[in-house]
Amino acid sequence: MKILIIEDEKLLADSIKTLLERKGFEAECVYDGQTGRDHALLGVYDLLILDVMMPGMDGYQVAREVRAKRCFVPILMLTARSEVEDRIRGLNAGADYYLTKPFDTGELLACIHALLRRQGGQVEELLFGNTSLDLGTSVLSCGDKSIRLSDREFDLMRFLMQSGERNLAKEVLLVRIWGFESNATENYVEVYVGFLRKKLKSIGSNVRIEAIRRQGYHLEVDEEC
(Lines give C-alpha, C1' and ligand atoms only; values in the text may rest on other atoms or scores of the structure.)
Protein backbone atom coordinates (compact mmCIF):
# COMPACT_ATOMS: atom_id res chain seq x y z
CA MET A 1 0.00 0.00 0.00
CA LYS A 2 1.32 3.43 -0.99
CA ILE A 3 0.61 6.41 1.30
CA LEU A 4 1.20 10.12 0.67
CA ILE A 5 1.84 12.36 3.69
CA ILE A 6 1.08 16.06 3.11
CA GLU A 7 2.37 17.91 6.16
CA ASP A 8 4.36 21.16 6.44
CA GLU A 9 5.93 20.17 9.79
CA LYS A 10 8.84 18.28 8.29
CA LEU A 11 9.85 16.52 11.51
CA LEU A 12 6.32 15.19 12.04
CA ALA A 13 5.92 14.17 8.40
CA ASP A 14 9.22 12.30 8.39
CA SER A 15 8.42 10.56 11.68
CA ILE A 16 5.06 9.35 10.28
CA LYS A 17 6.85 8.13 7.17
CA THR A 18 9.33 6.16 9.27
CA LEU A 19 6.51 4.64 11.33
CA LEU A 20 4.59 3.56 8.24
CA GLU A 21 7.63 2.06 6.55
CA ARG A 22 8.34 0.02 9.69
CA LYS A 23 4.81 -1.35 9.37
CA GLY A 24 5.37 -2.43 5.78
CA PHE A 25 3.78 0.50 3.91
CA GLU A 26 5.36 2.56 1.16
CA ALA A 27 5.27 6.22 2.17
CA GLU A 28 6.24 9.55 0.63
CA CYS A 29 6.24 13.05 2.11
CA VAL A 30 5.55 16.44 0.60
CA TYR A 31 5.62 19.60 2.67
CA ASP A 32 3.10 22.01 1.14
CA GLY A 33 -0.48 21.86 -0.04
CA GLN A 34 -0.01 22.62 -3.71
CA THR A 35 2.65 19.94 -4.18
CA GLY A 36 0.47 17.55 -2.20
CA ARG A 37 -2.51 18.22 -4.45
CA ASP A 38 -0.42 17.65 -7.58
CA HIS A 39 0.96 14.37 -6.22
CA ALA A 40 -2.46 13.18 -5.08
CA LEU A 41 -3.98 13.76 -8.51
CA LEU A 42 -1.50 11.36 -10.09
CA GLY A 43 -3.81 8.64 -8.80
CA VAL A 44 -1.02 6.39 -7.57
CA TYR A 45 -1.71 6.44 -3.82
CA ASP A 46 -3.92 4.20 -1.69
CA LEU A 47 -4.29 6.79 1.10
CA LEU A 48 -3.58 10.48 1.81
CA ILE A 49 -2.59 11.75 5.25
CA LEU A 50 -3.37 15.46 5.02
CA ASP A 51 -2.57 18.27 7.44
CA VAL A 52 -5.06 21.13 7.65
CA MET A 53 -2.97 24.14 8.63
CA MET A 54 -0.46 24.74 5.84
CA PRO A 55 0.68 28.00 4.24
CA GLY A 56 -0.67 28.81 0.79
CA MET A 57 -3.09 25.98 0.06
CA ASP A 58 -4.51 24.51 3.27
CA GLY A 59 -5.75 20.97 3.73
CA TYR A 60 -9.40 21.87 3.19
CA GLN A 61 -8.62 23.28 -0.24
CA VAL A 62 -6.42 20.31 -1.13
CA ALA A 63 -9.24 17.91 -0.24
CA ARG A 64 -11.82 19.90 -2.20
CA GLU A 65 -9.64 20.04 -5.33
CA VAL A 66 -8.77 16.34 -5.13
CA ARG A 67 -12.45 15.42 -4.86
CA ALA A 68 -13.41 17.87 -7.63
CA LYS A 69 -11.15 15.87 -9.97
CA ARG A 70 -13.09 12.71 -9.03
CA CYS A 71 -10.12 11.26 -7.18
CA PHE A 72 -11.66 9.11 -4.44
CA VAL A 73 -8.53 8.04 -2.57
CA PRO A 74 -9.22 7.86 1.20
CA ILE A 75 -8.17 11.03 3.06
CA LEU A 76 -7.14 11.02 6.71
CA MET A 77 -7.05 14.64 7.85
CA LEU A 78 -4.73 15.76 10.68
CA THR A 79 -5.20 18.99 12.61
CA ALA A 80 -4.56 20.71 15.91
CA ARG A 81 -8.12 22.04 15.77
CA SER A 82 -10.58 19.95 17.75
CA GLU A 83 -13.78 21.98 17.48
CA VAL A 84 -16.82 20.25 16.02
CA GLU A 85 -17.14 22.95 13.34
CA ASP A 86 -13.61 22.22 12.12
CA ARG A 87 -14.28 18.50 11.92
CA ILE A 88 -17.48 19.13 9.98
CA ARG A 89 -15.61 21.43 7.62
CA GLY A 90 -12.98 18.76 6.98
CA LEU A 91 -15.53 16.04 6.32
CA ASN A 92 -17.50 18.33 4.02
CA ALA A 93 -14.30 19.11 2.09
CA GLY A 94 -13.92 15.41 1.32
CA ALA A 95 -11.98 13.88 4.22
CA ASP A 96 -12.94 10.36 5.30
CA TYR A 97 -11.67 10.68 8.86
CA TYR A 98 -10.44 13.47 11.11
CA LEU A 99 -7.63 12.91 13.66
CA THR A 100 -6.71 15.62 16.17
CA LYS A 101 -3.09 16.40 17.07
CA PRO A 102 -1.40 15.26 19.20
CA PHE A 103 -2.43 11.71 18.41
CA ASP A 104 -1.33 8.28 19.55
CA THR A 105 0.56 6.29 16.90
CA GLY A 106 -1.63 3.28 17.62
CA GLU A 107 -4.73 5.33 16.88
CA LEU A 108 -3.15 6.61 13.65
CA LEU A 109 -2.37 3.08 12.48
CA ALA A 110 -5.86 1.89 13.42
CA CYS A 111 -7.40 4.70 11.35
CA ILE A 112 -5.19 3.86 8.38
CA HIS A 113 -6.09 0.17 8.47
CA ALA A 114 -9.79 0.97 8.82
CA LEU A 115 -9.75 3.28 5.81
CA LEU A 116 -7.81 0.79 3.70
CA ARG A 117 -10.19 -2.03 4.63
CA ARG A 118 -13.10 0.18 3.63
CA GLN A 119 -11.48 0.60 0.20
CA GLY A 120 -10.72 -3.12 -0.16
CA GLY A 121 -7.06 -2.53 0.66
CA GLN A 122 -6.76 -5.57 2.91
CA VAL A 123 -8.07 -8.26 0.54
CA GLU A 124 -5.89 -11.32 -0.04
CA GLU A 125 -6.77 -11.91 -3.70
CA LEU A 126 -7.73 -9.85 -6.73
CA LEU A 127 -10.03 -11.27 -9.41
CA PHE A 128 -10.58 -10.21 -13.02
CA GLY A 129 -12.16 -12.36 -15.68
CA ASN A 130 -11.18 -15.97 -15.02
CA THR A 131 -7.88 -14.93 -13.44
CA SER A 132 -6.78 -14.31 -9.84
CA LEU A 133 -3.73 -12.67 -8.28
CA ASP A 134 -2.71 -13.84 -4.81
CA LEU A 135 -1.44 -10.76 -2.96
CA GLY A 136 0.52 -12.82 -0.47
CA THR A 137 2.42 -15.09 -2.84
CA SER A 138 2.50 -13.02 -6.09
CA VAL A 139 1.01 -16.01 -7.93
CA LEU A 140 -1.19 -15.38 -10.99
CA SER A 141 -3.69 -18.20 -11.52
CA CYS A 142 -6.30 -19.36 -14.03
CA GLY A 143 -8.02 -22.67 -13.33
CA ASP A 144 -5.37 -25.24 -12.46
CA LYS A 145 -2.54 -23.25 -14.07
CA SER A 146 -0.48 -20.67 -12.23
CA ILE A 147 2.73 -18.71 -12.48
CA ARG A 148 4.72 -16.64 -10.00
CA LEU A 149 5.38 -13.00 -10.93
CA SER A 150 8.51 -10.98 -10.28
CA ASP A 151 8.21 -8.01 -7.93
CA ARG A 152 7.77 -5.48 -10.76
CA GLU A 153 5.35 -7.74 -12.64
CA PHE A 154 3.32 -8.21 -9.47
CA ASP A 155 3.13 -4.48 -8.72
CA LEU A 156 2.07 -3.72 -12.29
CA MET A 157 -0.49 -6.54 -12.46
CA ARG A 158 -1.98 -5.58 -9.09
CA PHE A 159 -2.41 -1.96 -10.15
CA LEU A 160 -3.99 -2.99 -13.45
CA MET A 161 -6.39 -5.40 -11.75
CA GLN A 162 -7.37 -2.81 -9.14
CA SER A 163 -8.08 -0.31 -11.91
CA GLY A 164 -9.83 -2.80 -14.22
CA GLU A 165 -11.23 -1.10 -17.31
CA ARG A 166 -10.02 2.36 -16.27
CA ASN A 167 -7.10 3.57 -18.39
CA LEU A 168 -3.78 4.11 -16.65
CA ALA A 169 -1.29 6.43 -18.33
CA LYS A 170 2.30 5.27 -18.71
CA GLU A 171 3.43 8.22 -16.59
CA VAL A 172 1.16 7.10 -13.76
CA LEU A 173 2.43 3.53 -14.01
CA LEU A 174 6.03 4.71 -13.94
CA VAL A 175 5.47 6.69 -10.75
CA ARG A 176 3.43 3.94 -9.10
CA ILE A 177 5.74 1.03 -9.93
CA TRP A 178 9.20 2.61 -10.14
CA GLY A 179 8.77 5.76 -8.00
CA PHE A 180 9.41 9.46 -8.43
CA GLU A 181 13.18 9.18 -8.02
CA SER A 182 13.66 6.41 -10.57
CA ASN A 183 15.45 6.89 -13.88
CA ALA A 184 13.06 4.41 -15.52
CA THR A 185 11.53 5.43 -18.85
CA GLU A 186 8.19 4.65 -20.51
CA ASN A 187 9.89 1.78 -22.33
CA TYR A 188 10.11 -0.04 -18.99
CA VAL A 189 6.32 -0.06 -18.80
CA GLU A 190 6.06 -1.45 -22.33
CA VAL A 191 8.56 -4.20 -21.57
CA TYR A 192 6.79 -5.33 -18.40
CA VAL A 193 3.39 -5.19 -20.06
CA GLY A 194 4.88 -7.54 -22.66
CA PHE A 195 6.06 -9.90 -19.91
CA LEU A 196 2.61 -9.94 -18.34
CA ARG A 197 0.85 -10.56 -21.64
CA LYS A 198 3.00 -13.66 -22.20
CA LYS A 199 2.35 -14.94 -18.69
CA LEU A 200 -1.41 -14.38 -18.97
CA LYS A 201 -1.41 -16.33 -22.22
CA SER A 202 0.68 -19.13 -20.72
CA ILE A 203 -1.95 -19.87 -18.05
CA GLY A 204 -4.91 -19.64 -20.44
CA SER A 205 -6.27 -16.40 -19.02
CA ASN A 206 -9.09 -14.57 -20.78
CA VAL A 207 -7.71 -11.24 -19.51
CA ARG A 208 -6.09 -8.92 -22.04
CA ILE A 209 -3.96 -5.87 -21.37
CA GLU A 210 -5.20 -3.35 -23.91
CA ALA A 211 -3.25 -0.27 -24.98
CA ILE A 212 -4.87 2.94 -26.17
CA ARG A 213 -2.57 5.44 -27.79
CA ARG A 214 -1.88 8.46 -25.55
CA GLN A 215 -4.25 7.13 -22.89
CA GLY A 216 -2.37 4.17 -21.49
CA TYR A 217 -3.37 0.63 -20.55
CA HIS A 218 -6.42 -1.13 -19.12
CA LEU A 219 -7.74 -4.67 -18.75
CA GLU A 220 -10.45 -6.34 -20.80
CA VAL A 221 -11.99 -9.81 -20.75
CA ASP A 222 -11.97 -11.82 -23.98
CA GLU A 223 -15.38 -13.47 -23.92
CA GLU A 224 -14.33 -15.94 -26.62
CA CYS A 225 -11.72 -17.58 -24.42
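1. **E171.** E171 is partly exposed, at a relative accessible area of 47%. Here buried means under 20%, exposed over 50%, and partly exposed in between, for a 1.4 Å probe and protein chains only. E171 belongs to helix α7. Helices (H or I, at least four residues) and strands (E, at least two) are DSSP runs, numbered from the N terminus. E171 and L42 are 129 residues apart in sequence, yet their C-alpha atoms are 8.7 Å apart in space.

2. **Basis of the note.** This is a predicted model, in which local features need pLDDT of at least 70 and side-chain atom pairs count only at pLDDT 80 or more, while totals for chains, interfaces and linings use all residues. Residues are numbered from 1 along each chain as its sequence is written, and side-chain values use heavy atoms, with hydrogens and water left out.

3. **The second largest pocket.** E171 also turns up in a pocket lining. The second largest pocket has a volume of about 150 Å³. On a 1 Å grid over the protein atoms alone, a pocket is an open set of points where a 1.4 Å probe fits, with protein on both sides within 12 Å along at least five of seven lines; lining residues have an atom within 4 Å of a point. Points are joined across faces, edges and corners, and the volume is the space filled by probe spheres set on them.

4. **What lines it.** Which residues line the second largest pocket? They are A169, K170, E171, E186, A211, I212, R213, R214, Q215, G216 and Y217. Helix α7 (170-178) and strands β10 (207-212) and β11 (216-221) each supply at least two of the lining residues. By class, the lining has five charged, four nonpolar and two polar residues. In this count Ala, Val, Leu, Ile, Met, Phe, Trp, Tyr, Cys and Pro are nonpolar, Asp, Glu, Lys and Arg are charged, and the others, Gly among them, are polar.

5. **Helix α8.** The expected span is 1.5 Å times one less than the number of residues. Buried in α8 are V189, Y192, V193, L196, K199 and L200. Seen down the axis, these fall within an arc of 125 degrees, so they line one face of the helix. The arc is taken over the directions from the helix axis to the C-beta atoms. A lysine, K199, is among the buried residues, whereas K198 and K201 are exposed on the other side. Just after α8, G204 has a positive phi of about 75 degrees.

6. A184 lies in the loop between α7 and α8. Is A184 buried or exposed? A184 counts as buried, at 17% relative accessibility. A184 and L174 are 10 residues apart along the chain, and their C-alpha atoms are separated by 7.2 Å.

7. **Helix α1.** Helix α1 (residues 10-22) has 13 residues and reaches 18 Å from its first C-alpha to its last, close to the 18 Å expected. Its buried residues are A13, I16, L19 and L20. They cover an arc of only 125 degrees around the axis, which puts them on the same side of α1. The face turned away from that side carries the exposed residues L11 and R22.

8. **Backbone points to check by eye.** The peptide bond from K101 to P102 is cis, with omega near -10 degrees. P102 is in the loop between β5 (97-100) and α5 (105-118). S138 is not a glycine, but its phi is positive, near 65 degrees. S138 is in the loop between β7 (131-134) and β8 (139-142). S138 is buried, with a relative accessible area of 14%.

9. **G90.** G90 is part of helix α4 (residues 84-93). At 0% relative accessibility, G90 counts as buried. G90 and R64 are 26 residues apart in sequence and 9.3 Å apart in space, C-alpha to C-alpha.

10. **The chain as a whole.** The protein chain has eight helices and 11 strands. Its radius of gyration is 19 Å, close to the 17 Å that the globule rule gives for 225 residues, so the chain is as compact as a globular protein of that length. The radius is taken over C-alpha atoms, and the rule is 2.2 Å times the number of residues to the power 0.38. Along its principal axes the C-alpha trace spans about 60 × 35 × 30 Å. Of the 225 residues, 48% count as buried.
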